[in-house]
Amino acid sequence: MSYQALYRKFRPNTFDEVKGQDHIVTTLKNQINSDRIGHAYLFCGTRGTGKTSVAKILARAVNCEKPVDGSPCMECETCKTSEGGSAPNIIEMDAASNNGVDDVRQIIEEIQYSPTVGKYTVYIIDEVHMLSGPAFNALLKTLEEPPAYVIFILATTEPHKIPVTILSRCQRYDFKRISIETIVDRLQELMDKEGISVDEKALRYIAKVADGSMRDALSLLDQCIAFYSDQELTYENVLEVLGAVDSEVFSRLIRCIIQGDVASTMKILDEVVIQGRELGQFVNDFIWYLRNLMLVKGSEDAMEVIDAPMERIEALKEESEMVDNESVMRYIRVLSETAAQIKYSDQKRVLLEIALIKLNTPAMENDYESLVNRISVLENKIESGNIKVDAAPVRRANAEVVTNGNPLPEADEPADAPKEEPTEEPVDKAVPEDVQYVADNWNMVLNHMSPLEKANFRKVSLAVKGEDTLLIVFEPNDIMFGECNTIEMIDMINTIIKEQIKKDVQVEMTQKKSSGNENYFQIISSKIDLEIEEEDF
């Protein structure tokens with residue numbers, strides 16, 4: 001074969017070449033040096049973390065004629081034979097395709113004969129969780145008391161599928177995900193050997209995408225090198241090959257979402273699609289970006305928890321000041337749901353567009369996180385001054401404010417404009433049925449308030465007091481009570497009610513003193529429509 005993939009070419013041959021699994025390597029080397037070798041091992045861990053490689057090294061080491069610090073010497077006849085994959089005493093079996101009871105019985109028959117080469121016969125069973133129930137039962141007794149010259153090494157990515165009777169008969173070793181730093185160092189070492197120039201930022205991105213798998217990292221690097229043959233492999237090249245997006249795009253995107261700018265958000269997505277980026281990877285990378293954003297908000301030393309350059313961390317810090325944790329959690333939830341749907345969909349772009357519109361318009365959802373997000377958006381617009389409030393309620397509220405006994409003139413009214421005396425038609429006094437009608441139709445009052453005034457009354461209860469009084473009751477811990485219980489606000493509500501039902505209803509505000517009187521009040525929070533449409537701003 002003229003070319004060999006990097007992950008095969010650079011597969012570790014000794015324990016010293018295994019990266020990121022020091023806790024396992026040290027234990028196995030000590031067992032070999034002290035001649036305390038077990039008869040059954042179980043190697044667990046995610047893909048590409050070195051389970052099969054370590055199993056092969058262990059099989060060589062126990063048969064090596066002159067082991068070096070517990071590792072195979074790779075010089076004796078036994079090591080050279082096993083390196084070529086033709087050692088008769090090292091038998092590999094893939095349980096994914098050989099998972100029947102007959103396959104296990106064949107092993108049981110073979111172990112009756114001692115090895116012709118080396119001291120041990122080693123059986124490496126990969127993906128052992130794929131064995132059938134009868135196959136596990138057939139293996140059970142042999143695994144517990146094999147001949148002295150037999151060693152079993154079982155490897156799996158899903159140890160929870162293995163019967164406890166098998167687990168209890170093995171020494172279990174859990175392989176950890178390999179850190180980004182370890183993967184980057186290994187990739188750089190191999191590229192130096194190959195004489196290929198690769199940008200460190202490109203290697204870091206490959207290591208991050210590999211998600212703790214050294215084999216995946218080598219496969220991705222192999223793919224990128226093949227595309228840009230005889231050229232320096234840069235960060236931009238890696239993004240191009242893997243269909244990924246630079247984090248600067250996510251920075252622009254999150255800022256548009258925070259501002260509720262749907263048009264700009266769709267424009268950014270259009271750029272990503274035109275560049276041919278893979279949308280599933282785009283969603284996953286955006287979720288990772290939001291994860292970093294949350295870590296920046298919750299950590300004083302972001303450099304310790306986020307693998308990113310300083311300029312990107314500074315941008316994350318700036319963005320973290322613009323959004324609250326609940327909103328970020330909502331973004332992650334919506335995108336996670338989209339990631340699960342987009343994987344099997346033929347309309348990936350449409351699903352992603354819907355998700356981004358949801359992020360921009362929290363009013364489309366009615367859960368707690370969305371409500372907090374809506375309030376946050378409203379606060380941002382108020383702080384920036386980018387909000388239009390209905391002036392009619394404000395004028396009503398200010399109608400009774402006087403200076404030296406005279407009403408304030410309108411701000412835009414000329415000083416010499418003729419004053420028109422307001423004429424009010426006399427109205428009848430309300431009866432309890434009229435007051436109850438107002439309580440049942442409280443939305444008709446809220447609809448004539450500004451968005452900010454609506455929000456102040458989102459947790460109130462209503463009751464009829466006496467003959468003509470509407471009692472507005474706030475919760476004991478509602479800080480809005482102090483802001484709303486003013487002469488101006490009461491007069492404004494009186495005026496709105498009078499205009500709607502043509503009856504004079506008195507308004508009184510109070511606050512619950514203690515629990516136990518909930519049944520006295522008519523809870524109306526479910527009736528209050530807090531949705532703030534775009535035309536309100």
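## Overall composition

The protein contains 24 helices and 13 strands, and the description that follows rests on a predicted model. Of its 537 residues, 43% count as buried. Among the contacts in the protein with a separation of 6 or more, 74% are accounted for by residues 24 or more positions apart.

## The loop between H3 and H4

Two residues of the loop between helix H3 and helix H4 are described here, Ser71 and Asp69. Ser71 is buried, with a relative accessibility of 4%, whereas Asp69 is partly exposed at 48%. Although Asp69 is not a glycine, its phi is positive, at about 50 degrees.

The side chain of Ser71 places a polar atom 3.3 Å from the backbone nitrogen of Phe15. When residues up to four places away in sequence are left aside, Ser71 touches Thr14, Phe15, Asp16 and Ala61. One of these neighbours, Asp16, also belongs to a network of salt bridges in which it is linked with Lys29 and Asp69.

Because Asp69 lies in the loop between H3 (51–63) and H4 (77–83) while Lys29 belongs to helix H2 (residues 22–33), the pair ties together parts that are 40 residues apart in sequence. Asp69 is partly exposed, its relative accessible area being 48%, but Lys29 counts as buried at 13% relative accessibility.

## Further salt bridges

Side chains of opposite charge can pair when their charged atoms come close. The count of salt bridges in the model comes to 22, and two others are considered here. In one of them, Arg255 and Glu318 meet through their side chains at 3.2 Å, N to O. Arg255 lies in helix H12 (residues 247–259) and Glu318 in helix H15 (residues 310–320), so this pair ties together parts that are 63 residues apart in sequence. Both ends are partly exposed, Arg255 at 21% relative accessibility and Glu318 with a relative accessible area of 46%.

The other salt bridge joins Glu158 and Lys161, whose closest N and O atoms are 2.9 Å apart. Glu158 counts as partly exposed at 24% relative accessibility, and Lys161 is likewise partly exposed, with a relative accessible area of 47%.

H12 contributes Ser247, Phe250, Ser251, Leu253, Ile254 and Ile257 to the contact, and H14 contributes Phe282, Asp285, Phe286, Tyr289, Leu290 and Leu293. By residue class, the contact of H12 with H14 divides into 9 nonpolar, 2 polar and 1 charged.

Helix H14 (residues 279–298) also meets H15, their axes coming within 9 Å and crossing at roughly 75 degrees, which makes H14 roughly perpendicular to H15. On the H14 side the contact is made by Tyr289, Asn292, Leu293, Val296 and Lys297, and on the H15 side by Arg312, Leu316, Lys317, Glu319 and Ser320. The residues of this contact of H14 with H15 comprise 4 nonpolar, 2 polar and 4 charged. Tyr289 and Leu293 of H14 take part in the contact with H12 and in the contact with H15.

## The setting of H9

In helix H9 (residues 200–210), the buried residues are Ala202, Leu203, Arg204, Tyr205, Ile206, Ala207 and Ala210. The elements covering these buried residues include helix H8 (180–194), helix H10 (214–227), helix H11 (235–242) and H14. Just after H9, Asp211 adopts a positive phi of about 55 degrees.

## A positive phi at Glu127

Glu127 is a residue other than glycine with a positive phi, near 50 degrees. Glu127 lies in the loop between strand E3 (121–126) and helix H6 (133–144), where it is partly exposed, with a relative accessible area of 22%.

Technical notes
Residues numbered from 1 in each chain as written. Predicted model: local features only at pLDDT ≥ 70, side-chain atom pairs only at ≥ 80, totals over all residues. Heavy atoms only, no water. Salt bridge = Lys/Arg side-chain N within 4 Å of Asp/Glu carboxyl O. Helix = DSSP H or I, 4+ residues; strand = E, 2+ residues; numbered from the N terminus. Buried < 20%, exposed > 50% of the residue type's maximum accessible area, 1.4 Å probe, protein only. Axes fitted to C-alpha atoms, helices over the stretch in contact; angles between N-to-C directions. Parallel < 35°, antiparallel > 145°, perpendicular 65-115°, else oblique. Contact = heavy atoms within 4.5 Å. Nonpolar A, V, L, I, M, F, W, Y, C, P; charged D, E, K, R; others polar. Polar contact = N/O pair within 3.5 Å; in protein donor to acceptor, adjacent residues only side chain to side chain.
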